[in-house]
Amino acid sequence: MKFREALKSVSPYVPGKSIDEVKREYGLDKVVKLASNENPYGASPKAVKAFKSYEDLHIYPEPDPEDLRQKIGEYVGFDAERIVLGAGIDGVMENIFKLFVDSSDEVVIPIPSFPYYHILTRVCGARDVCIARKEDFSIDVQAMLDAVSEKTKIVLLCSPNNPTGNIENEEVVREIAESCNAVVFVDEAYAEFSSKNLLKLAEYENVVIARTFSKAFGLANLRIGYAIVSEEIRKEYLKVSTPFPLSTPAKLAAMAALDDQEFLRFVVEKTREERRRVSKKLMDMGVKVYPSEANFILIETPLKSAKLAEELLKRGIIVRDCSKFIGCSEHHVRVSIGKKEENDAFLEAMEDVLCS
Ligand code: PMP
């Protein structure tokens, strides 16, 4: 078979191990997963109820549901005509790439960041131009701007950034948006957990702000993402989107989730509280913890991350070894913030590993 040349430089996305896999492999009864930044509180019960209420599964969904766009628009403060939908941020991003990225183009990515950015860029046959972040993981604006050329079609920013947890400074992103013709794609998958967001920058025609229902809303399995784009981009987006990107049960769940702001507040408050507590306990153990505005933290330990992850697996805790993330070191591990009892199990296992 003759596959596209571009695929030679691509490795498949590696998701975190599942709880069942680890139970089987290590012969454990109880396993805690803190590896995929999922919402440990689940979705709003109202969203689950709305999802279950729909039975006409033999009927195709609406292609671009206006009621959901309207509700999202109210939530983010933009007109429904500025909202596009997709199968998670991953799906939205794929469509944006279809709009702008040809083979031999370039996509500028400050590293480390979300691994799928590199995969998607290479699948398109384009080149991922990787720019190292500063020591505190903030963006090196000058290096970014120096890297932008006529071939640059997208600058990919993530705030809060996965896996480092820091947010981008609004003025920095503004400077990038104003200084280049490329699309500045701002991935705000974790925005709800953060003290600040970059929504204001959607005023720029070349800025796309992407959001998801997978994280704070706890609907990762339903694959619902959206972005705020210019009306011009939206028109073109509808040409490249798959015909029915969102199922009706998913749409109903998303709308109910948006209506349940009380549940969202509960999730965010609990996560922040636990993020503070876990970070402090780890620092007390002598572990380096990077400040985070997301539902995960990046830590650095003297142990190699592969070894630490393996030792934690033996103790029934799944975390993310980041040593294979482009731009991370061999000592970086990302840990999702779970429920109190899950975090306690992780902290206990960490203590055990570090003391043995
Ligand atoms: N962006 C970032 C930064 C992520 O961490 C993730 C999920 N791990 C995604 C996008 C994908 O989100 P979705 O489920 O909306 O496709």
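Ala, Val, Leu, Ile, Met, Phe, Trp, Tyr, Cys and Pro count here as nonpolar, Asp, Glu, Lys and Arg as charged, and the others, Gly among them, as polar. On that basis, the shell around the ligand divides into six nonpolar, four polar and four charged residues. The model is predicted.

**Ligand shell**

- The ligand is surrounded by 14 residues. The closest are I89, D187, Y190, T212 and S214.
- Helix α4, residues 88–100, gives the most to this shell, with three residues.

- Y190 places a polar side-chain atom 2.6 Å from an oxygen atom of the ligand.
- S214 also has a polar side-chain atom 2.6 Å from a ligand oxygen atom.
- For R223, the distance from a polar side-chain atom to an oxygen atom of the ligand is 2.7 Å.
- The ligand taken alone exposes 400 Å², and the protein buries 93% of that.

**S214 in its loop**

- S214 sits in the loop between β7 and β8.
- Its relative accessible area is 8%. Buried means under 20%, so S214 is buried.
- Leaving aside neighbours within four places in sequence, S214 is in contact with L219, A220, R223 and I224.

- I233, R234, Y237 and V240 are buried in α8. They cover an arc of only 120° around the axis, which puts them on the same side of the helix.
- E232, K235 and K239 are exposed on the other side of α8.
- The buried residues of α8 pack against α3 (66–76), β2 (83–86), α4 and β7 (207–212). Among these elements, α4 is also the helix that gives the most to the ligand shell.

**Helix α3 (residues 66–76)**

- The buried residues of α3 are L68, R69, I72, G73 and V76. Their arc around the axis is only 140°, so they lie on the same side of α3.
- The cover over these buried residues of α3 includes β2, β7, β8 (225–228), α8 and α9 (248–259).

How values were computed: Residues numbered from 1 in each chain as written. Predicted model: local features only at pLDDT ≥ 70, side-chain atom pairs only at ≥ 80, totals over all residues. Heavy atoms only, no water. Near = heavy atom within 4 Å. Polar contact = N/O pair within 3.5 Å; in protein donor to acceptor, adjacent residues only side chain to side chain. Areas by Shrake-Rupley, 256 points an atom, 1.4 Å probe, with all protein chains shown as cover. Helix = DSSP H or I, 4+ residues; strand = E, 2+ residues; numbered from the N terminus. Buried < 20%, exposed > 50% of the residue type's maximum accessible area, 1.4 Å probe, protein only. Arc of directions from axis to C-beta. Contact = heavy atoms within 4.5 Å.
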